[in-house]
Amino acid sequence: MSAFAPYPWQRHLWQGLMARVAQQRLPHAILLTGSAGIGKRHLASCLTHSLLCAARREDGTACGHCRGCLLLAAGSHPDYLRLAPEEEGKGIGIDKVRSLAQFQSLKSQYSQGQVVVIQPADALNSSAANALLKTLEEPSGETTLLLTTDRPMSLLATIRSRCQRITLSPAVGIEAEEWLKIRLQHTELYDDSLLKMSGGAPLRALHWAEHGELEWRAQRCDELQALERDEQSAVALAQSWFEMGSERILPWFFGMVLDLLRLKQVPQATPLTNPRLQRQLHHLADRVDLMFLQRLAERMQGWMYAMRGQINQQLLLEELLLAWKQRRIGG
Ligand SMILES: [Zn+2]
């Protein structure tokens, strides 16, 4: 398969995009959304290559060897601009958006039009987002803007409304499963629960497989049991979890709480976050009160939101573990 081909679970979407390209009806600004690990970046890259390729294949994918393709591969295509944070997790500032205006004023050099990719679009800071609005309000017929994000609600509503939104739905079908199997075929890492656990985000499932996520989760559950048996203190466990990174711990814990809530209501359900720990989680669900779980889930949502700001994460984890151990939420 060509490097410029979309992932198998994106084929249908791709055909729709290519039909619009053929009819010259591709929107001038596209917002690609869908959960993390579903392949938005890759799809944006395939589309960029296709738009700037002078000799597209029949399926619309880029040829890989025309001048446009070679320049893109070399990172020096004059009609391509990518706006991204300098470092992962950082913002995209107004200077970058200003460079976009300058870029557009140069006009397309190779008569295939210009392509601007902004990823992730939720990294635009507020002045950059406002500056971008101007570009979106006065579209140049030559430029296609591709914005990607897994948090569309954190964009300005005015940006969202000026883009045509294309949402990648969860990839839970056989194509995604087969893709994952092939990627892991020479390893022992494939597990049929990974894709479901990832909520249909195959790249995340792959990352999890390669980084031992199933074992990692099982270890955290063992630690919770050790806490309940008084073999481990909440303070010591919070310290160790803090060192692992609360941005990894909290979403997992939250998912487990949601699983337990589901098991309380539908006892025969399969836990989604820890399918391998079905027996332990069923056992645990019997020992936790429904009201406590509901309150904890609510509180945890607030914590996960607070985590993005300045907050003492180690104390927060201590509070969580103490609440868990005492089955009681303070404050
Ligand atoms: Zn080409």
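How does the lining of the second largest cavity divide by class into nonpolar, polar and charged residues? It has four nonpolar, one polar and two charged residues; Ala, Val, Leu, Ile, Met, Phe, Trp, Tyr, Cys and Pro count as nonpolar, Asp, Glu, Lys and Arg as charged, and the others, Gly among them, as polar. The model is predicted: local features need pLDDT of at least 70 and side-chain atom pairs pLDDT 80 or more, while totals for chains, interfaces and linings use all residues. Residues are numbered from 1 along each chain as its sequence is written, and side-chain values use heavy atoms, without hydrogens and water.

**Cavities**
- A cavity is a set of points on a 1 Å grid over the protein atoms alone where a 1.4 Å probe fits but cannot get out, and lining residues have an atom within 4 Å of a point.
- The second largest cavity is lined by Leu 214, Arg 217, Ala 218, Asn 274, Pro 275, Arg 276 and Leu 277.
- In the largest cavity, the lining includes Cys 221, Met 256 and Arg 287.
- That lining of the largest cavity comprises five nonpolar, two polar and two charged residues.

**Aromatic contacts**
- There are nine aromatic pairs, meaning rings of Phe, Tyr and Trp (its six-membered ring) with centres within 6.5 Å; planes under 30 degrees apart are stacked, over 60 edge-to-face and the rest tilted.
- Tyr 7 and Trp 179 are edge-to-face, because their planes stand at 70°, with ring centres 5.4 Å apart.
- One aromatic cluster is formed by Trp 216, Trp 241, Trp 252, Phe 253, Phe 292 and Trp 324.

Terms used. On a 1 Å grid over the protein atoms alone, a cavity is a set of points where a 1.4 Å probe fits but cannot get out, and a pocket is an open set with protein on both sides within 12 Å along at least five of seven lines; lining residues have an atom within 4 Å of a point.
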